Amino acid sequence: MNRLDQVIEMVQRGLYVYPIVPNGKQPIKDYSYLKATQDINLIKSWFEHEPNINIGLNLAKSNLIVVDIDNHNNDLQAPLQELYNLGYKLPSNYIELTKSGGLHYYFRSNKP
């Protein structure tokens, strides 16, 4: 599955996306998380113009919560244990390994 197909699948699952510069974290000029969309034709045009774009998520519009666990001292379990100790026992809907070796835990919010 190519990247465009992956983004279309994300949108079909209810996520709102916006374009980010290739290999970066900054939105492409004239875009921001506030302009995140589910418009498939617009998203296709982003990839036609720049096939190597990254994709950002508007967490609020997508009803997502993300917990970012950084990989300090090669110990990913300690921050998770601390979250559990504080009473956060939500199961994650999706977990992603970051480039720096950390983890992103994605949770779907129940609030619209």
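**Note on the largest pocket and helix α1**

1. Six elements each supply at least two residues of the lining of the largest pocket: α1 (3-12), β1 (17-20), β2 (54-57), β3 (64-69), β4 (94-97) and β5 (103-108). Please keep in mind that this is a predicted model.

2. The volume of the largest pocket is about 1400 Å³. Its lining counts 34 residues. Nearest the centre of the pocket lie Ile55, Leu57, Glu96, His104 and Tyr106.

3. What is the make-up of the lining of the largest pocket, by nonpolar, polar and charged residues? There are 15 nonpolar, 10 polar and 9 charged residues in the lining.

4. Which element gives the largest share of the lining? That is α1, with 5 residues.

5. Val7, Ile8 and Val11 are the buried residues of α1. Buried here means under 20% relative accessible area.

6. What do these buried residues pack against? Their partners are β1, α2 (40-49) and β2. Of these, β1 and β2 also each supply at least two residues of the pocket lining.

7. Both ends of α1 deserve a look. After α1 comes Gly14, with a positive phi near 100°.

Methods: Residues numbered from 1 in each chain as written. Predicted model: local features only at pLDDT ≥ 70, side-chain atom pairs only at ≥ 80, totals over all residues. Heavy atoms only, no water. 1 Å grid on protein atoms, 1.4 Å probe; cavity = no way out; pocket = protein on both sides within 12 Å on 5 of 7 lines; lining within 4 Å. Points joined across faces, edges and corners; volume = space filled by probe spheres on them. Helix = DSSP H or I, 4+ residues; strand = E, 2+ residues; numbered from the N terminus. Nonpolar A, V, L, I, M, F, W, Y, C, P; charged D, E, K, R; others polar. Buried < 20%, exposed > 50% of the residue type's maximum accessible area, 1.4 Å probe, protein only. Contact = heavy atoms within 4.5 Å.
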